[in-house]
Amino acid sequence: MVATAPGLGEFIDASPSPFHACATAAARLRDAGYTELSEFDRWPEQPGRHFILRAGSLVAWSGSAGLTPFRIVGAHTDSPNLRVKQHPDRCVAGWKVVALEPYGGAWLNSWLDRDLGISGRLSVRDGSGVSHRLVRIDQPILRVPQLAIHLAEDRKSLALDPQRHLNAVWGVGSVAESFVGYVAEAAGVAGDDVLSADLMTHDLTPSTVVGADGSLLSAPRLDNQASCYAGLEALLALDAAPTEFLPVLVLFDHEEVGSTSDHGAQSNLLGTVLERIVLTAGGNREDFLRLLPASLLASADMAHATHPNYPERHEPGHQIAVNGGPVLKVHPNLRYATDGRTAAAFALACEQAGVPLQRYEHRADLPCGSTIGPMASARTGIPTVDVGAPQLAMHSARELMGAHDVGAYAAALQAFLAPQA
């Protein structure tokens, strides 16, 4: 399958939460002949196509017969959104209210007056143990209402308090009902059996190719499911023949909140999987440590396209165009992990793929966001390059990118995973 804007839209619409993004990717991998392994079991010594899941993170690789360095594409499954508090039930002024709070750097105004569904994971009592069930409700059950302009102190702008102004209405009445119980019932689970719930909202408007010429893709969660999709398509496009490098795809959760978790980019997840790949291939710790500096990691995260209404917010001389090709991201203070060695490797990958390369630097007088790149590189010692595809409205509930960039992005990542000699 060739990576396309409609294909990306289908991936995003199937993946309203990090848990669902991993489930969507896992289903594609199984269909392609990959086998899921458990981290609790011994792994097979024969080379093959495998993947593991750890909550909202996934690692997949296409095995080689020998001990070869790794070529890795890394992305993240989480996106800024509004998440359900642990005790969400409220009744305010005759409204049934669900208490929400921002996750990551959500652009809060973009979440107002939208029809919102619910997705995530329920941890459920299962006999003497616990099972985890994905849940999604694609019905307009929640809405965070905007304040009427007539009631605002300042009609030109409205500051939102994340504690008071982001709660959602889901009905009317004088009694606060159990929202988690409602979600449990929708999932076919008894409310009393729910031990914990990881729930979040998602915009219900489907992803859509837009523009008079169909050159744009409007969708939620482009940051960073566009990179998850492009990396997955890149891995699946490779044949099974042994190569100079062993291709790996890693999709981390929790990038938007710092990556400090048992399955974020600051965890041991990637390093542990890579070492186990070496050990099951007959290598040892020395072999593993020797292969790391010979490997390369592409930290794939979305990039800022030059905004037509705010061109002054961008570094002069570094204009980034949608449908202009993948973006190489550089930051001298290491908010991105790129250096000269790794930049050259990605530039060669773009040449091999036959796609143009754009180069981005952030304005020196503005704070710069970061990626999994510096963290994963520091954690593993693997040289890393930060790359992306250009988009507008990053961290909004609804984002915009070039439709033609989807295929070019995946092609560049494929060439990075399997460079020609």
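What is the relative accessible area of arginine 285, and how does the residue count by that value?

Modeller: Arginine 285 has a relative accessible area of 45% and is partly exposed. Buried means under 20% relative accessible area, exposed over 50%, and partly exposed in between, with a 1.4 Å probe and protein chains only. The model is a predicted one, in which local features need pLDDT of at least 70 and side-chain atom pairs count only at pLDDT 80 or more, while totals for chains, interfaces and linings use all residues. Residues are numbered from 1 along each chain as its sequence is written, and side-chain values use heavy atoms, with hydrogens and water left out.

The side chain of arginine 285 meets that of glutamate 275 in a salt bridge, at 2.8 Å from N to O. Glutamate 275 sits in helix 5 (residues 269-280) and arginine 285 in helix 6 (residues 285-291), so the pair ties together parts 10 residues apart in sequence. Helices (H or I, at least four residues) and strands (E, at least two) are DSSP runs, numbered from the N terminus.

A salt bridge here is a side-chain nitrogen of Lys or Arg within 4 Å of a carboxyl oxygen of Asp or Glu. Side chains of opposite charge can pair when their charged atoms come close. The whole structure holds 15 salt bridges.

Another of these joins arginine 398 and aspartate 203, at 3.5 Å from N to O. This pair links distant parts of the chain, 195 residues apart: arginine 398 is in the loop between strand 19 (390-392) and strand 20 (399-402), and aspartate 203 is in strand 10 (residues 194-203). Arginine 398 is buried, with a relative accessible area of 13%, and aspartate 203 is buried too, at 5%. Together with Arg114, Asp203 and Arg398 are linked in a network of salt bridges.

The loop that holds arginine 398 also contains alanine 393 and histidine 395. Phi is positive in alanine 393, near 65°, and in histidine 395, near 75°; neither residue is glycine. Alanine 393 counts as partly exposed, at 37% relative accessibility.

A further salt bridge joins arginine 341 and aspartate 339, at 2.8 Å from N to O. Arginine 341 is exposed, at 59% relative accessibility, while aspartate 339 is partly exposed, at 29%.

Helix 7 (residues 340-353) and helix 9 have axes that come within 8 Å and cross at roughly 115°. That makes helix 7 roughly perpendicular to helix 9; angles under 35 degrees count as roughly parallel, over 145 as roughly antiparallel, 65 to 115 as roughly perpendicular and the rest as oblique. Axes are lines fitted to C-alpha atoms, for helices over the stretch in contact, and angles run from 0 to 180 degrees between N-to-C directions. In helix 7, Phe346, Ala349, Cys350, Gln352 and Ala353 meet Ala411, Ala412, Leu413, Ala415 and Phe416 in helix 9, where contact means heavy atoms within 4.5 Å.

Helix 9 (residues 405-417) also passes helix 4 (residues 222-236), with axes within 8 Å and a crossing of roughly 50°. That makes helix 4 oblique to helix 9.
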